[in-house]
Amino acid sequence: MIRHLRTLLVCAVLAAASDALAENYPAVGATVSSHLTIYSTTDTAAFQAAIRHFQRLNPGIAVRYKELESNELYEQFLADLTRGQPKADLLLSSAMDLQVKLVNDGYAASHVSPSARMLPSWARWRDQAFGLTFEPAVMVFNIDAFAGRALPQTRGELIELVRRDAAAWRGRIGTYDIANSSVGYLLASQDARQSSEYGALLETMGSAAVKVERRTGDLLAQLETGDLAIGYNLLGSYAQSRIASGAPLAIVYPRDYTLVVTRTAVLPASAPNPAGAHRFLEYLLSIEGQRTLANNGGLPAIRSEAPAQHTQRGIIDAAVGPLRPVVLGPGLLVYLDTQKKRRFMDVWGGAVGALD
Amino acid sequence: MKLSTLSLRARIAGMLGLLFMAGTIALVFAAQVYGRLAADKSYDRLLAGSALSIAETLSIDRGTLQVDLPYAALDMLSAAPEDRVFYRVIGPGSDTITGYDDLPGWQPPSRHNRLIALDSARFFDAAYRGEAVRFAVLGREIAEPGMRGWVWVQVGHTRRARDDLTRELVLGAVAPITLITLLALSVVMLGISRALRPLQRVGQDLAIRLPEDLQPVVEPVPREVAPLIDAINGFMRRLSCSIKALQAFIGEAAHQMRTPLASLYAQAHVAINEDPEGMRRSVAAIERNAAKLSRLLDQLLSDATVTHRSDVRVFEPCDLLELVHEAINEGVPHSRRWSVAVSTELDVAPFVGDTLMLGEAMKNLIDNALKYGFSAQEPVVVSLQTEANGYLITVTDRGPGIPASQREKVFERFARDDKGVSGAGLGLAIVRRAVASHGGEVSLDNRVGGGLTVTVRLPWRAQNSHP
């Protein structure tokens, strides 16, 4: 009995601790059934406006927004299930592959709506996974570091630039740590699939002692200060917001091809508040939600009809080369294969870490 | 509604509808089976291709089995865009090398079948993670230093695309069939309506006719209905004849009764002013005319009785001999009983017939014989005997007889002989009708030495004949 009590106590403390990491948006008159829990990989700041707007449209729904790393999100969700205490009503993750795996493994509920049907076909799968944003993976440069020199426009040019003067760029190239960043792994694996130059790029970056970070924010911060001069494969949306607030950064959409990923929403079949979850998802997919995400959160809208500053259309106009959206679908499961992933990580680690 | 009164349209439509429905159901089932087979066939190729592309990347590296899952292996399965995909690679030790390690079990084929299974995937359906999943399994024999045995690649996807394709195929097959069925049914209904229209026209034609209009129906009708129309026309012809005969009979009967009544009236009128002697004569004349009238009425009654009885046919066992005696008793006054003799060797003459009709016939025969053929020398003889297939009854007299040319005519109602000696003229007509309704016949012959023989033949089993 006492042990049980102790367990309960520990659980309560842990719950309180995990709650501390979450952003709560209380609502007047909210009941237990109108609490909505969102697990997300997106910065709270980017979603704040959307949640407030949603709450204005749907009074009485309290929202708990819990920010997690994408791997963490995936494991937390499954751990909740294993414990028999599903908590999340909606999963928003930039790790498209992990979201696809959740759907493939049967954890998702279907959401059928006209808004969902308006999404481009690559951005939805089985009425269970939905792309909410349109985010190209870009190269970000510190303008000061280039001091008037031409910015490389393709991967080939980037390789050439670094090779020509490896010492100058040593330690000044940054990219995602694919061992810890799911979106980084997703982008790297897609590069490996799409580009014949990927091996050379990896080798070049390795030889220039590439710096890896798990968070986009950390990479951008170092780019802004000039510690890093080149950021490869970063999500453009965050860079865009920093440029907007005066950072000396420039975004280049690689002209050979530009990968496009989308923050993917999955509605778990185990959602404690499915009605609220459907409503919030529908809001995010609606023109209004898309506009709010784009204008107030800096997350480019995926629906081309959304008349926002950073829309899919705006990006398509800005990009000169071909855009290659990563297709939501079972193909993404391939790089999650344990053997495949291990081999890929070995190669990547070998290249990046070899001269570290 | 009784089956026999059910409308033809409903019958035909019902039968055809049932047939079409059964046909459609059978076709739907067939289409479903075929559709599923076709869908499985096409998507199985995809699965097999996927399994093959995985199998081709199998390699041994430092004693461990390596699988380099090709992107296309799973991406190609998005040809079934909405389906979840599962895969597993099973090593020689039945351990999962990579993929979903809890895929539904599958027994590797026996050693003999493995060679056959080479390169051709095996397929099976199983439930996995809450959905029906189609799996393909492909085997590869590994014989490398450090590892020997069979490696199995199992790839599966949910059945959504297959089911969609099946549905599409079934719909594609069933929709036109249903359409054609409906079309055929409506054409049939239209055809039935058109086919039945002549019957409606005949019905309308008959409905608006005046009661006395017995003209034949001339409406053209389909061959199948012609017998019905012929029957109607034949019936109307007979009806028309019998109405004419009835009208003639009524006219004649009225005429026949008028004459004795007129005489009665005249004689009664004369008698009022007569002296007793004259009055006695007049009364005697009145008595004669009254008797005549009475006889006429008897005969009319008898005729009506026989006509009615021949319609209703109340046949029962009886004795013809007794019948003859009764006819004599009822029809001949005691004072003249001597003038009728019965000649027979039979004690009893069993027969099945209508006693009333036969009795009337006998009475009329005897009455006629006494009336026209009475002679003081010889009595009227009624003889009864059996012959091959029935009874033979003859009534013979010594009267004047009837010339051959007149013999058919006397059977008609109100017939009279040439000399104007009139009976009521109904007697022989009654006899003929009564005998005919027993399947028998009546004939007349003059006797050698003067007189008439009336021969009546009554066959056995008269109850079976139809007059």
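**Exercise 1. Find how many salt bridges join chain B and chain A, and examine one of them.**

Solution. We begin with the rule, by which a salt bridge is a side-chain nitrogen of Lys or Arg within 4 Å of a carboxyl oxygen of Asp or Glu. Applied to this predicted model, the rule gives a count of 4 salt bridges between chain B and chain A. In one of these, the side chains of Arg126(A) and Glu131(B) meet, with 3.2 Å from N to O. Side chains of opposite charge can pair when their charged atoms come close.

Residues are numbered from 1 along each chain as its sequence is written, while chains are lettered from A in the order in which they are written. In this predicted model local features need pLDDT of at least 70, side-chain atom pairs count only at pLDDT 80 or more, and totals for chains, interfaces and linings use all residues, while side-chain values use heavy atoms, with hydrogens and water left out.

**Exercise 2. Describe the side of chain B that touches chain A, by number and by class of residue.**

Solution. First, taking contact to mean heavy atoms within 4.5 Å, we find 25 residues of chain B in contact with 22 residues of chain A. Next, we sort the residues on chain B's side, where Ala, Val, Leu, Ile, Met, Phe, Trp, Tyr, Cys and Pro count as nonpolar, Asp, Glu, Lys and Arg as charged, and the others, Gly among them, as polar. This side of chain B, touching chain A, has 12 nonpolar, 5 polar and 8 charged residues.

**Exercise 3. Work out how helix 8 and helix 9 of chain B pack.**

Solution. Helices are DSSP runs (H or I, at least four residues), numbered from the N terminus. Helix 8 of chain B covers residues 355-373 and helix 9 of chain B covers residues 427-436, and the two pack at an angle of about 145° with their axes 9 Å apart. Here the axes are lines fitted to C-alpha atoms over the stretch in contact, and angles run from 0 to 180 degrees between N-to-C directions. In helix 8 of chain B, the residues that meet helix 9 of chain B include Met357(B) and Leu365(B). The contact of these two helices of chain B has 7 nonpolar, 3 polar and no charged residues.

**Exercise 4. Explain what the salt bridge of Arg155(A) with Asp191(A) ties together.**

Solution. The closest N and O atoms of Arg155(A) and Asp191(A) are 3.5 Å apart. Because Arg155(A) lies in helix 7 (residues 155-164) of chain A and Asp191(A) in helix 9 (residues 182-194) of chain A, the pair ties together parts that are 36 residues apart in sequence.
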